[in-house]
Amino acid sequence: MIAFLLKGLMRDRSRSLFPFLTVFAGVLMVVFLQAWINGAISSMIQATAHYRTGHVGVMTRAYAKEADQVPNDLALLGIDTLIANLRHNYPDLLWTPRIMFGGLLDIPDEHHETKAQAPVSGMAVDLLSSDSPERSILRMQDAIVRGRVVRNHEEILVGDELANKLGVQPGDTATLISSTMYGSMSLTNFVIVGTIRFGIAAMDKGMLIADVSDIQQALDMRGGAGEILGFFKDDLYHEDRANAMTARFNREHAMTPAMEGKNDTLFVPVMATLRTLSGLSDYIDYVGVFTRVIIGVFLLAMAVVLWNAGLTGSLRRYGEIGLRLAVGEDKTHVYVSLLAESLAIGFTGSVAGTVIGLGVAYYAQVHGFDIGSIMRDSTMMLPNIVRAQITTFTYFIGFLPGLLATFFGTAMSGIGIYKRQTSELFKELET
Amino acid sequence: MIHSLALLLALSPFAFMFQTPSGDQILKKVDENMFLESRIVTSRMVIHGRRETRTVESKSWQRGTNESYTEFLAPAREKGTKMLKLKDLLWDYSPSTDRTIMISGHLLRQSVMGSDLSYEDMMEDPHLPNLYSARVVSEDTLRGRNCWILDLKAKKVDIAYDHRRIWVDKERYTVLRENLYAESGKLLKTMDVREVMKVQNHWLAKSVLYKDVLKEGDGTEFYIDSIMLDANIPEYLLSKAALRR
């Protein structure tokens, strides 16, 4: 029976080609879009973790409440002990201090007067410790455009775009004007040793990177850091593990009723996950819903098209179906055989769509697409080159709409079989 | 009846003396009391931050209201930092970088040494009659002193505080309390004089508590430890060259 149906499909292309192409195109789009959205979200999560929040972050309670304003006056102090404890209690993660800060980068002329000045968004990271994970987390070497990485104290890296704007070269001196953690104005001289580009529009415009100990000195926060970030060693965000770890840490550092209202409690450390710290929580949920909606729309559109194709096919095969009924074939058997045909077409179209969709997604995974021009003024932590990401789910996602759409389309159009009157069949066939 | 009318007419010139002067008249008197030709002031700021209390000491050489040179003496980190104000320009010199930076734009809004005062506050023309029109709204008693309460409304648009409410000592013409408001009516800063001192013919604030309402912490106490009026201010001090000396 199956061989009979397949022969029919192969020999009568008008019966199978259009539904096949519809399923193929729809599945291809679903497969590619799933991989693309997955890649974009993964890139955003990874960039946010690397450059902003870590997979988990530890900060003071007061800092956490105003984290978007980077309140360094509320920074953690005595971080060496805290980092040692974190490394001991949570050895699955790499722990490293960070200080985010803002300020102005002032370039002096030969008379020590201001030659050029621009606002900067600074990030102090551990660049000089031999065991620091930061160089690999930030892919520092890859980000260098001109010059070299920081190797000594009082050296900084600045965004390449910023360096061009200020007219500075590696080797030039610059003064960082910022605020100490006590609110005083702070002026510190640095040597620019290199320019960098991370390929993230939100960062590259005014980036400055310095060693954390230099910034502790500059901002009068010795032994302090705004945040201590934790990174899973496989560089993947494991939400369940992060949640469990955060719950454990916060339970161990919970405030007792006796502590309530006391000023010191503002500075009790608290741990939070990437999802909480990044503000991406709603966004990730939104994208999840959006992906499901896209698949739903494709499913519906394909089903309507295939329903229509089925109706057209039924009209064309009016005589054939009538003859089969006239020679005694059961209506349900005819209906089921049409459904079987549709499943065969759906399966074939889904396989072809998945294979080609995976091919396109693979190309996008390897080469990516440069969306830098539309991200120029974006504040999202999304790389300029967005790549697709193929997961196990990508291999199967196309089959759901591919099979269901053809099945529903045929099921709807085939109902007409039951409306045919057996007593009228020969009369219909004569005409 | 005729006698009563004659008596009223006879007393009318003196009746004026017992009337409340206008807000602008009071403000002018305040300005006269505060204006000093030149002075050398050693002062302390005790800054009560969210985390700790710090004391910043400085010495200022001031000529008129538009020119001043300030050198910070303590704490060690700030020692040697200098500030120069010449009319509407302000420079900051940092000895550790050997850089002189002009404070302008949004830097003016930054706090001076982490206190509740901003550079913008320092740059403001202290002659209030130039900036505000005043009206008396009420009377009050502060620290045992009878005061007028004046509402000041900015005459210009580009002023840091659109309006102010000040408490003026009726006898000494010293401002004892001040509330500073944004154009929206939001209270931005308060100033409370805790102690005054008489120097020559001027009643000046000796101890003041400044509070930036938008900032956490318990405010900044400002103390004048010594003041010398009509001091001779060397010309070289009021120049940019003095910053790097």
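User: How many helices and strands are in chain B?
Analyst: Chain B has 4 helices and 13 strands; these are DSSP runs, with helices being H or I of at least four residues and strands E of at least two, numbered from the N terminus. This is a predicted model, where local features need pLDDT of at least 70, side-chain atom pairs count only at pLDDT 80 or more, and totals for chains, interfaces and linings use all residues. Residues are numbered from 1 along each chain as its sequence is written, while chains are lettered from A and ligands numbered from 1 in the order written.

User: How many residues of chain B are in contact with chain A?
Analyst: 18 residues of chain B contact 17 residues of chain A. In contact means C-beta atoms, placed from the backbone, within 7 Å.

User: Which element of chain B gives the most there?
Analyst: β6(B), with 4 residues.

User: Switching to α10(A). Which residues are buried?
Analyst: Ala242(A), Met245(A), Thr246(A) and Phe249(A). Buried means 20 or more other C-beta atoms within 10 Å of the residue's own, exposed 12 or fewer, partly exposed in between; C-beta atoms are placed from the backbone.

User: What do they pack against?
Analyst: β1 (56-60), β12 (269-273) and α11 (274-278) of chain A.

User: And which exposed residues are on the face turned away?
Analyst: Asp240(A), Ala244(A), Ala247(A) and Arg251(A).

Note on methods:
Contact = placed C-beta atoms within 7 Å.
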